[in-house]
Amino acid sequence: MVEALVTDTIVATGQDALAILARRYPQLYVAPAVGAEVDHKLAATRGMVPAGATLGHFASSTDDELRLVQTPASPIEVIFLKNRADFETFLQIMGHKSQPVAIAPSIGAITYLGLADWGKVAEAQSAYLAAGGDDWKSEFVRLAHQPGGFRSDLVVISEGGYSNIPAAQTPYDEREWLRVSREIRLHHECAHVVCRRVMPGDVLAVWDEVTADVVGLLCATGRYDAMLAARFLGVASDGFHGGRLSEYLSDDQLEHVDVLAAEVFEALEHIEKSVQEMIPSDPFEYLLELKRTPLLSF
């Protein structure tokens with residue numbers, strides 16, 4: 001068992017995880033189906049819970065988990081869905097207006113930014129009325145037009161080996177690798193959210209992936225393994241060996257993929273040495289430090 005550097009707050013597990021979110025995002029009650037977009041729109045944009053609403057279209061697992069991850073850019077909410085079918089159903093609802101579209105097998109995590117949060121609306125309305133307010137409609141419009149008004153971000157992750165790497169290619173057994181993969185994936189996605197919140201205009205596709213993996217590994221294992229990180233991206237000192245790196249390069253860059261892969265590998269080794277010399281107490285603060293002093297320009 002590895003020891004992580006951070007401790008997140010588990011809000012709910014099992015069926016309760018989805019039930020809590022459905023009270024805030026009532027579109028989760030709308031099962032994916034042809035023609036379901038009308039009910040979805042009423043739920044998502046007006047907070048209307050469908051008649052006879054249930055979450056029966058989700059199988060749920062006792063391992064499902066709703067979590068709050070503490071970061072320098074405020075907490076980030078994450079839901080882990082163990083069953084692949086539940087993960088795909090969730091994405092069909094939240095990202096495709098409850099339409100039964102195919103979800104690519106390669107997708108293992110997704111982040112929704114700025115979701116209309118009807119839980120926040122209910123809380124604000126209760127506080128307004130309790131304080132003696134008598135024109136909630138006008139107050140709602142005022143609050144909704146404030147920056148971030150009634151909006152929330154949500155990270156959704158699924159089960160599976162991180163970067164499609166099998167346990168045999170890692171220092172972990174099958175069971176431990178699934179656990180470590182979940183933590184890497186979860187905190188990797190949170191790293192992207194932190195960067196978008198703190199440095200919205202600072203985007204370097206490959207460096208963003210490298211640094212997000214740094215956070216993922218530190219949070220999941222308490223250390224940074226450059227060779228494992230290199231396997232995620234498919235890089236080595238002699239070039240590209242097939243991995244995630246190619247997903248973040250332009251066509252022009254792909255023509256020089258071996259040269260760029262070697263540069264990435266060198267950066268990973270530099271990060272490992274840095275971490276060994278000074279184990280970061282807060283992986284997210286270290287993330288921001290890396291973002292301010294990039295080792296790669298792409």
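Guide: A nonpolar core is here a set of buried Ala, Val, Leu, Ile, Met, Phe, Trp, Tyr and Cys residues joined through side-chain atoms within 4.5 Å. The model under discussion is predicted. Its largest nonpolar core has 37 residues, and those touching the most other members are Trp177, Val210, Tyr224, Val235, Leu245, Val264 and Leu268. Two or more residues are given to this core by each of helix 6 (174-198), helix 7 (205-221), helix 8 (226-233), helix 10 (257-277) and helix 11 (283-292). Helix 10 gives the most, with nine residues.

Val264 illustrates how such a member is surrounded. Apart from neighbours within four places in sequence, Val264 is in contact with Val206, Val210, Leu233, Val235, Leu245, Leu296 and Phe298.

The axes of helix 6 and helix 11 lie 11 Å apart, and the two pack at an angle of about 55°. Angles from 65 to 115 degrees would count as roughly perpendicular and those under 35 as roughly parallel; helix 6 and helix 11 are therefore oblique to each other. Their crossing is right-handed. On the side of helix 6, the residues that meet helix 11 are His187, Cys190, Ala191, Val194, Cys195, Arg196 and Val198. Their counterparts in helix 11 are Phe284, Leu287, Leu288 and Lys291. By class, the residues of this contact comprise eight nonpolar, one polar and two charged.

Terms used
Residues numbered from 1 in each chain as written. Predicted model: local features only at pLDDT ≥ 70, side-chain atom pairs only at ≥ 80, totals over all residues. Heavy atoms only, no water. Buried < 20%, exposed > 50% of the residue type's maximum accessible area, 1.4 Å probe, protein only. Helix = DSSP H or I, 4+ residues; strand = E, 2+ residues; numbered from the N terminus. Contact = heavy atoms within 4.5 Å. Axes fitted to C-alpha atoms, helices over the stretch in contact; angles between N-to-C directions. Parallel < 35°, antiparallel > 145°, perpendicular 65-115°, else oblique. Left-handed = near helix turned anticlockwise from the far one by under 90°. Nonpolar A, V, L, I, M, F, W, Y, C, P; charged D, E, K, R; others polar.
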